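Biologist: Can you walk me through the ring contacts and the packing in this one? Keep it short.

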Amino acid sequence: MLDMAEDAILGSLETSEVISDSGVFAAEHGLDHNEVVNVIKSLHGFGFVDVEDIKKESWVLTDEGKLYAVTGSPEVQLFLAIPPEGISRDKLRKKVDPSVFQIGSSQAIKNKWVEIKQLASRKVEHVEDKVKELLLLIQEGGVVASEDIATLKRRKLIIPQTWKGYLIRKGPKYAPQRKKAATDLTREHLQRGDWKELEFKEYNFNAKGPPAEGGHSHPLLKVKKQLKMIFLQMGFEEMPTSNYVESSFWNFDALFQPQQHPARDSHDTFFLQAPSTTSRLPEDYVETVKNVHENGGYGSRGYGYVWQREEANKNLLRTHTTAVSSRMLYRLAKQEKFVPKKYFSIDRVFRNEAVDRTHLAEFHQIEGLVCDRGLTLGDLIGVLHDFFSRLGMSQLRFKPAYNPYTEPSMEIFSYHEGLGKWVEIGNSGMFRPEMLLPMGLPEDVRVIAWGLSLERPTMILYGIDNIRDLFGHKVLWRFLLFEPASVSTCEYNGMLIINNCLLAAG
């Protein structure tokens, strides 16, 4: 069919200078206009023809208009349903289709054809269905007055349609027949020897290849991005968290966590075999931390034990991103002039835990902290309300808790609309003076902080009940394609999702 269209176009231009309308041309030759358009574009691309666009505006019937062109307009249908002696309004309503009664009664009354009160009666003997006549005329391509067009358009019985075609002239490379350029040099060409006369298609080295399909973000990365945007909107600065290997000093000792704490046992922490220890620690700071652990200071009695440098030197896979927070606060303390800061991090941590449906040996921790002068517990509560409200949780409660490096410490609870009860959603507190003052921070500087997990919120958001399905080859393709609604804009569903996941995370 395409060859027939091409031969017809090139043959017509051999005897005529122009084809004035591709639509008329296609109809005269019994060709599909879409196929003719494809051939015209191909010939134009190779310079065989020049073209000019033709646009024709017309009106076509909507589905409702097509129905009325067959059955008649609603007002005429309603008029014909009323007998000469009249009919009660209720009987008329039952006699015709509900849409015919609603639209037809309005139009018929407007045309002063009928009167409808308790009794429906005719006011004229005969009516003409002008709407149906106009619709049929438009269907047949006839000319309709502009005021009639406006009426039909207002009633949504017709819509505009733009027809596109071409005016065609001979191009600079016109020929009565297009010689097909060879795209490959084949064995048969060489055997026959006709390769010498062949015209080969030129390579277009500037042509773009088919666009490569991009990858899809992992579910964890999608949720992480949403949380990161919340932190950035609140004016927080992201901490560098690429240092997975950490020393016990920064991971535990700098946080005023005693060396005999159960979390520092090999059953809970991954220690490195090579290199097993670090030799790069700030000696003055190490000595101050040792003294606070052994003898106290800054209003504290300390732990009263012999602090071991060997324990502090041990390398491990960080058990929490608070190790990064301790480094950032120490760096902040060493600046000439103290500047308030708001930090956050979302990255991997590692714990020596048995792998099951809800636990892995590595997961992601979300952490936020604010460092400024004169901060109080009220400031912490205010920041938490702001943060969690952006996750769709506006009802919060707080319960006293214990953490080695925060005092006071609070567990965070939110009211779960779906479960009808308060559930734990995270942990928070104010860093202890025994942690901050040895770093060299001013005495009136306070640090408020909070944290939660990333995996379990993601599990609930994507309907995953086994944390292992979030990693490796077990990640289902539909999870990568699925784009969940942003938790920051889903008030009820967002709260239901986040609360559920943090209930599991608690």
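Biologist: How many aromatic pairs does a search of the whole structure find?
Modeller: The search finds 19 aromatic pairs. A pair means Phe, Tyr or Trp rings (six-membered ring for Trp) with centres within 6.5 Å; planes under 30 degrees apart are stacked, over 60 edge-to-face, the rest tilted. This is a predicted model: local features need pLDDT of at least 70, side-chain atom pairs need pLDDT 80 or more, and totals for chains, interfaces and linings use all residues. Numbering runs from 1 along each chain as its sequence is written, and side-chain values use heavy atoms, without hydrogens or water.

Biologist: Why is the pair of tryptophan 250 and tyrosine 285 tilted?
Modeller: The ring centres are 5.7 Å apart and the planes sit at 35 degrees, so the pair is tilted. Tryptophan 250 is in helix α12 (residues 248–251) and tyrosine 285 in helix α13 (residues 283–295), so the pair ties together parts 35 residues apart in sequence. Helices are DSSP runs of H or I, at least four residues; strands are E runs of at least two, and both are numbered from the N terminus.

Biologist: Is tryptophan 250 buried or exposed?
Modeller: Buried, at 4% relative accessibility. Tyrosine 285 is buried too, at 3%. The cut-offs are under 20% relative accessible area for buried, over 50% for exposed, and partly exposed in between (1.4 Å probe, protein chains only).

Biologist: And what about phenylalanine 256 and tyrosine 303?
Modeller: Their centres are 4.5 Å apart and their planes at 25 degrees, so that pair is stacked. Phenylalanine 256 is in the loop between α12 and α13, and tyrosine 303 is in the loop between α13 and α14 (309–313), 47 residues apart. Phenylalanine 256 is buried at 3%, while tyrosine 303 is partly exposed at 28%.

Biologist: Switching to the core. Which residues touch the most other members of the largest nonpolar core?
Modeller: Leu384, Phe387, Phe388 and Trp450, out of 35 residues. Such a core is a set of buried Ala, Val, Leu, Ile, Met, Phe, Trp, Tyr and Cys residues joined through side-chain atoms within 4.5 Å. Elements that each supply at least two residues include α11, β10 (341–350) and α16 (377–389).

Biologist: What is leucine 384 in contact with, beyond four places in sequence?
Modeller: Leu396, Phe398, Met410, Ile412, Ser428 and Trp450. Contact means heavy atoms within 4.5 Å.

Biologist: Which residues join Trp450 in a ring cluster?
Modeller: Ring pairs link Trp450 with Phe231, Phe236, Phe344, Phe387 and Phe388.
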